[in-house]
Amino acid sequence: MNHPFRFEAESDNGSQMFINILLKAVNTGEVTAFADDRFTTPMTMAEIQQLTVGSADTVPQVDPNDPTKVIRYVVTRASFNAKSVNKIRIKEEWVFDREASRYFCRILGISPLKSQYFPNGQERPGATPMFWVYYPDMRPILTKYEVYNPKNMGNSRMTWEELLESRMFSSYITKSTLDNAANRTIRTYIKDPILALLEGENIKEKIFNYEQDLWSY
């Protein structure tokens, strides 16, 4: 269901891949990147560029006449691979509108998570957020980019804003403000990954029951 986030099409306005759209908006100054999910600490352009460049590596340069002799060490930097970002963290606010009598979700922020890997290729646990963007500022930009729409054969494209507003993605809860005075993530107090997923489903059920308890039959 989340395959559209790896949609690698090219159009007149550039790459349609979601992470590339975010990076382009941040690097051009169209939106502000923040270091926290409360959107209080803006990040400088130098900090953003440091996150989006590849890792530095020191390579020894040997003598062509004597391969055992190292002449000097050359520092090389690999290019940033957008495919290394395969997780996205979304901050949402669930609101019950008493006047309209409807329960809806409002997206507040989006953060790409860059995965780190061990030398054997295994992914390191706990991907860290690169930066946060305030979603209401990002919405006008997302309306200009198209993404593959697997649900409609007649119209094979939709905008990224439509995809997010329609919640056409699969996700699981990592943190909630319900009964969380210490402001901890689920993995902080539940180490088992299966039980952590079940706790996320339990939070979903609490949200569902809150809406149902407002009605009388």
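Against which elements do the buried residues of α3 pack? The views below begin with this helix. This is a predicted model, in which local features need pLDDT of at least 70 and side-chain atom pairs count only at pLDDT 80 or more, while totals for chains, interfaces and linings use all residues. Residues are numbered from 1 along each chain as its sequence is written, and side-chain values use heavy atoms, with hydrogens and water left out.

**View 1. The buried face of helix α3 (residues 135-142).** Y135, M138, I141 and L142 are buried (under 20% relative accessible area, 1.4 Å probe, protein chains only; exposed is over 50%, partly exposed in between). Seen down the axis of α3, these residues fall within an arc of 105°, so they line one face of the helix; the arc is that of the directions from the helix axis to the C-beta atoms. They pack against α1 (18-27), β7 (102-114), β9 (132-134), β11 (157-159) and α4 (160-165). Helices (H or I, at least four residues) and strands (E, at least two) are DSSP runs, numbered from the N terminus.

View 2. T159 counts as buried because its relative accessibility is 16%. Not counting residues up to four places away in sequence, T159 touches L142, T143, Y145, E146 and V147 (contact: heavy atoms within 4.5 Å).

**View 3. The aromatic pair of F5 and W160.** The pair is tilted, at 5.1 Å centre to centre and 55° between the planes (pairing: centres of Phe, Tyr or six-membered Trp rings within 6.5 Å; planes under 30 degrees apart are stacked, over 60 edge-to-face, the rest tilted). F5 lies in the segment before β1 (10-11) and W160 in helix α4, so the pair ties together parts that are 155 residues apart in sequence. Both residues are buried.
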